[in-house]
Amino acid sequence: MRRAALVVGLLTLLATACGGGRQEGGAASPAPPPVQLQGRVNDHGTKDLGSATELEMKLDDFYFGPTFVEASPGATVTVELENEGDVPHTFTVESLGVDETLQPGDRKEVQLTLPQSGVVNFICRFHVGQGMQGAFFFGAGAMTQPASGQSTGSYGY
């Protein structure tokens, strides 16, 4: 009897010690995003490009993967876009004059020359209100503002 109580006590202690970083209900605490974007963001990961100049980006219903991209200031990056979703999406970077529409299954390549500092927000014009946005950034902790004229509607898709 005493041995069983000891085993139960040790298991309880072990479960308590290993339970850090969990929210109520047993779900893992999500990591905070590297930059704060205004509005809803469907976060599907962060990619650090390091010195790389090419990036594969998936557009799906309704997120970009990766959502956040750490890049070198002033870098020219070739972004290989693929719409894996069931509806049309855009890859729109208003601050850089980029606006590409991709139908389901489409692939496109765009080249971006990033600024020396700040955060460069990208959106899907059709689904930004549903959280389809992300950003290129050069250091954690920055915050972006929505681009002027940026829609928050869904355009019926």
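Modeller: Start with a rule: two rings of Phe, Tyr or Trp pair if their centres lie within 6.5 Å. This is a predicted model. The structure holds four aromatic pairs.

Biologist: Why is the pair of Phe-64 and Phe-91 called edge-to-face?

Modeller: The ring centres are 6.2 Å apart, and the planes stand at 75 degrees. Planes over 60 degrees apart count as edge-to-face. Therefore Phe-64 and Phe-91 form an edge-to-face pair.

Biologist: What makes this pair a tie between parts that are apart in sequence?

Modeller: Phe-64 lies in strand 3, residues 63-65, and Phe-91 lies in strand 6, residues 89-93. The parts are 27 residues apart in sequence, so the pair ties them together.

Biologist: How do you know whether Phe-64 is buried or exposed?

Modeller: Phe-64 has a relative accessible area of 0%. Buried means under 20%. So Phe-64 is buried. Phe-91, also at 0%, counts as buried too.

Biologist: Why is the pair of Phe-91 and Phe-122 called tilted?

Modeller: The planes of Phe-91 and Phe-122 are at 35 degrees, and the centres are 5.4 Å apart. Stacked needs under 30 degrees, edge-to-face needs over 60, and the rest count as tilted. So this pair is tilted. Phe-122 lies in strand 9, residues 119-123, and Phe-91 in strand 6, so the pair ties together parts 31 residues apart in sequence. Phe-91 and Phe-122 are both buried.

Biologist: Which residues do ring pairs link into a cluster?

Modeller: Phe-64, Phe-91, Phe-122 and Phe-136.

Biologist: Now Thr-67. Where is Thr-67 placed, and why does it count as buried?

Modeller: Thr-67 is in the loop between strand 3 and strand 4. Its relative accessibility is 0%. The cut-off for buried is under 20%, so Thr-67 counts as buried.

Biologist: What does the side chain of Thr-67 reach?

Modeller: The backbone oxygen of Asn-42, at 3.3 Å. A polar contact needs N or O atoms within 3.5 Å. Leaving out residues up to four places away in sequence, Thr-67 touches several residues, including His-44, Phe-122 and Gln-133.

Biologist: On to charges. What makes Glu-82 and Lys-58 a salt bridge?

Modeller: The N to O distance is 2.9 Å. The rule asks for a side-chain nitrogen of Lys or Arg within 4 Å of a carboxyl oxygen of Asp or Glu. So the side chains of Glu-82 and Lys-58 meet in a salt bridge. By this rule the count comes to five salt bridges. Glu-82 sits in strand 5 and Lys-58 in strand 2, 24 residues apart.

Biologist: Why is Glu-82 called buried, and Lys-58 partly exposed?

Modeller: Glu-82 is at 15%, and buried means under 20%. Lys-58 is at 25%.

Biologist: Which other salt bridge does Lys-58 form?

Modeller: One with Glu-84, at 3.8 Å, N to O. Glu-84 lies in the loop between strand 5 and strand 6, so this pair ties together parts 26 residues apart in sequence.

Biologist: How do you know whether Arg-107 is buried or exposed?

Modeller: Its relative accessible area is 62%. Exposed means over 50%, so Arg-107 is exposed. Arg-107 forms a salt bridge with Glu-82, the closest N and O atoms being 3.3 Å apart. Together, Lys-58, Glu-82, Glu-84 and Arg-107 are linked in a network of salt bridges.

Conventions. Residues are numbered from 1 along each chain as its sequence is written. This is a predicted model: local features need pLDDT of at least 70, side-chain atom pairs count only at pLDDT 80 or more; totals for chains, interfaces and linings use all residues. Side-chain values use heavy atoms; hydrogens and water are left out. Rings of Phe, Tyr and Trp (its six-membered ring) pair if their centres lie within 6.5 Å; planes under 30 degrees apart count as stacked, over 60 as edge-to-face and the rest as tilted. Helices (H or I, at least four residues) and strands (E, at least two) are DSSP runs, numbered from the N terminus. Buried means under 20% relative accessible area, exposed over 50%, partly exposed in between (1.4 Å probe, protein chains only). A polar contact is a pair of N or O atoms within 3.5 Å; within protein, one must be able to donate a hydrogen and the other to accept it, and residues adjacent in sequence count only if both atoms are side-chain atoms. Contact means heavy atoms within 4.5 Å.
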